[in-house]
Structure formats: structure tokens, C-alpha cells
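Trainee: I am new to this structure. Please show me how to read it, feature by feature.

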Amino acid sequence: TGLDETQQKDSWNKLGKQIKEITEEMKKEGDEAARLTGIMQEVRDEERAMLMIRAKANKQIAESRLLAEDDTKGNEERLEALKAAVAEEQRVAQIELDIQQKKVDAMQAMIDLGKSSEEDIQKLAEERARFIELQTASTLRQKRVAAEVGVFTAKVDKEKSDAIKEQIALEEQLAIAKEKGVEVTEEMGSKEIKAAIKVNEA
């Protein structure tokens with residue numbers, strides 16, 4: 001072979017060391033692949049559980065929106081129902097996004113290990129697109145309800161403003177009525193007191 005005994009021994013030692021390193025690397029990759037497979041199983045379990053979570057959330061959101069459309073309810077109560085719908089959508093959307101991100105990360109890690117086919121790369125691209133679609137769908141749902149929240153917030157603010165204006169007008173009319181000796185009752189509003197003052201002056 002052209003090598004003396006020491007050189008042959010060194011070559012065998014180097015070869016043995018390289019085989020050991022390759023074996024250790026293969027073991028690490030195998031362990032990592034097993035870990036990632038476990039994560040993918042967790043993701044599948046979470047996705048199954050998410051079906052019920054999303055269904056219940058959609059029901060709650062629909063009920064909140066129906067309550068918000070109920071004209072027999074006050075604007076404050078209707079506004080709170082809409083806010084509850086937005087909060088629930090945000091909560092559930094974040095869970096969905098977290099699961100999808102976990103899935104994408106695990107798929108990317110598997111590909112990074114070199115254990116992938118063209119089909120795996122295509123699936124990863126589809127899952128990344130699904131992540132964006134989940135974000136978009138949630139944003140659209142939240143935006144629709146947020147517009148309704150804006151309408152009801154304006155209504156509630158106007159009611160409060162009108163109530164404050166009425167209270168100020170009532171206090172002013174009560175002071176004028178007291179000054180002019182006009183008798184008023186607790187049930188009377190500012191307009192009724194103003195009318196009683198005019199009758200008294202006539």
C-alpha cells in the first residue's frame with residue numbers, strides 16, 4: 001500500500017474518527033427529525049382541537065352580533081356585545097396563527113435537515129400562504145365588526161352628550177322656575193318646565 005505501519009494506523013484512526021463523527025451527526029439529525037415529527041403531531045392535534053374552538057367562537061361572535069342588532073337593547077349593551085365579538089375574534093385568530101406558525105416552522109426545520117422532496121417544499125409554500133390567508137380573514141372579520149363598534153360608540157357618545165345637555169338645561173330651567181315661583185314636579189323635563197314658566201308669565 002506504500003504506507004508503513006504507523007501511517008496505516010493513523011489512517012485507520014482517522015477513518016474511525018470520521019465514521020464516529022458521521023454516526024454522531026446522523027444520530028443528532030435522527031433525534032432532531034424525531035423531535036420535529038413530534039411537533040408536527042402536536043400541530044395536527046392542535047388543528048383538530050382548533051376546529052371546535054373556531055366553531056364555538058363563530059357561534060359566540062354571531063350571538064354577539066345578533067344582540068348588537070337587537071333594537072330592544074340599549075346602545076351601551078349592544079356596543080358591549082360587539083366589543084365582546086371583536087375580543088373573541090382576536091383571541092381565536094391568535095391561537096390559529098400560533099398553530100400555523102408552529103407548523104410552518106417545523107416544516108422549514110425538516111427541510112433544513114435535508115429531509116425534503118419537491119412535494120415537501122410545495123407543502124411548505126402552501127402552509128405559508130395559509131398563514132397569510134388566516135391573517136387576512138381575521139383582519140376582515142375584525143374590520144367589519146370594528147366598523148359596527150364605531151357606529152355604536154358614536155351613538156353611545158351622543159346619548160351621553162344629550163343626557164349631559166338635558167341635565168344642564170334641566171338645572172337651568174329649575175333655577176328659573178324657582179326664581180319665578182313656578183311649581184314643578186320631579187317627572188318634568190327641561191322642556192316641560194320651560195313651558196310651565198311661559199304659561200306662568202302669560
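The talk below goes through helices, a pocket, salt bridges, a surface patch and some distances.

Trainee: What should I know before I start?

Mentor: This is a predicted model, in which local features need pLDDT of at least 70, side-chain atom pairs count only at pLDDT 80 or more, and totals for chains, interfaces and linings use all residues. Residues are numbered from 1 along each chain as its sequence is written, and side-chain values use heavy atoms, with hydrogens and water left out.

Trainee: How is a helix picked out, and which helices supply the lining of the largest pocket?

Mentor: Helices are DSSP runs (H or I, at least four residues), numbered from the N terminus. Here α1 spans 5-69, α2 spans 75-112 and α3 spans 118-180. Each supplies at least two residues of the lining of the largest pocket.

Trainee: What counts as a pocket?

Mentor: Rolling a probe the size of a water molecule over the atoms shows where empty space is left. On a 1 Å grid over the protein atoms alone, a pocket is an open set of points where a 1.4 Å probe fits, with protein on both sides within 12 Å along at least five of seven lines. Lining residues have an atom within 4 Å of a point. Grid points are joined across faces, edges and corners, and the volume is the space filled by probe spheres set on the points.

Trainee: How much space lies in the largest pocket, and which residues are closest to its centre?

Mentor: The largest pocket holds about 180 Å³. Its lining has 10 residues, and Met40, Met107, Met110, Asp120 and Lys123 are the closest to the centre. Helix α2 gives the most to this lining, with four residues.

Trainee: How does the lining of the largest pocket divide by class?

Mentor: Ala, Val, Leu, Ile, Met, Phe, Trp, Tyr, Cys and Pro count as nonpolar; Asp, Glu, Lys and Arg as charged; the others, Gly among them, as polar. The lining has five charged, four nonpolar and one polar residue.

Trainee: Next, salt bridges. How many does a search of the whole structure find?

Mentor: Side chains of opposite charge can pair when their charged atoms come close. The rule is a side-chain nitrogen of Lys or Arg within 4 Å of a carboxyl oxygen of Asp or Glu. The search finds 15 salt bridges. One of them joins Lys102 and Glu42, at 3.0 Å from N to O. Lys102 sits in helix α2 and Glu42 in helix α1, 60 residues apart.

Trainee: Are Arg54 and Glu89 buried or exposed?

Mentor: Buried means under 20% relative accessible area, exposed over 50%, and partly exposed in between (1.4 Å probe, protein chains only). Arg54 counts as buried, at 11%. Glu89 also counts as buried, at 3%. Their side chains meet in a salt bridge of 2.9 Å, N to O. This pair links Arg54 in helix α1 with Glu89 in helix α2, 35 residues apart.

Trainee: And how exposed are Lys102 and Glu42?

Mentor: Lys102 is partly exposed, at 27%. Glu42 is partly exposed, at 40%.

Trainee: Which residue forms a salt bridge with Glu76?

Mentor: Lys160 does, with the closest N and O atoms 3.6 Å apart. Glu76 lies in helix α2 and Lys160 in helix α3, so the pair ties together parts 84 residues apart in sequence. Glu76 is partly exposed at 38%, and Lys160 is partly exposed at 46%. Elsewhere, salt bridges that share partners join Arg54, Glu89, Glu96 and Arg141 into one network.

Trainee: Which residues make the nonpolar surface patch?

Mentor: Patches take residues with over 30% relative accessible area and no salt bridge; nonpolar side chains (Val, Leu, Ile, Met, Phe, Trp, Tyr) are joined within 5 Å. Areas come from the Shrake-Rupley method with a 1.4 Å probe. Trp12, Leu15 and Ile19 make a patch of about 350 Å². Leu15 is in helix α1 and is partly exposed, at 38%.

Terms used:
Patches are made of residues with over 30% relative accessible area and no salt bridge: like charges are joined within 9 Å, nonpolar side chains (Val, Leu, Ile, Met, Phe, Trp, Tyr) within 5 Å.
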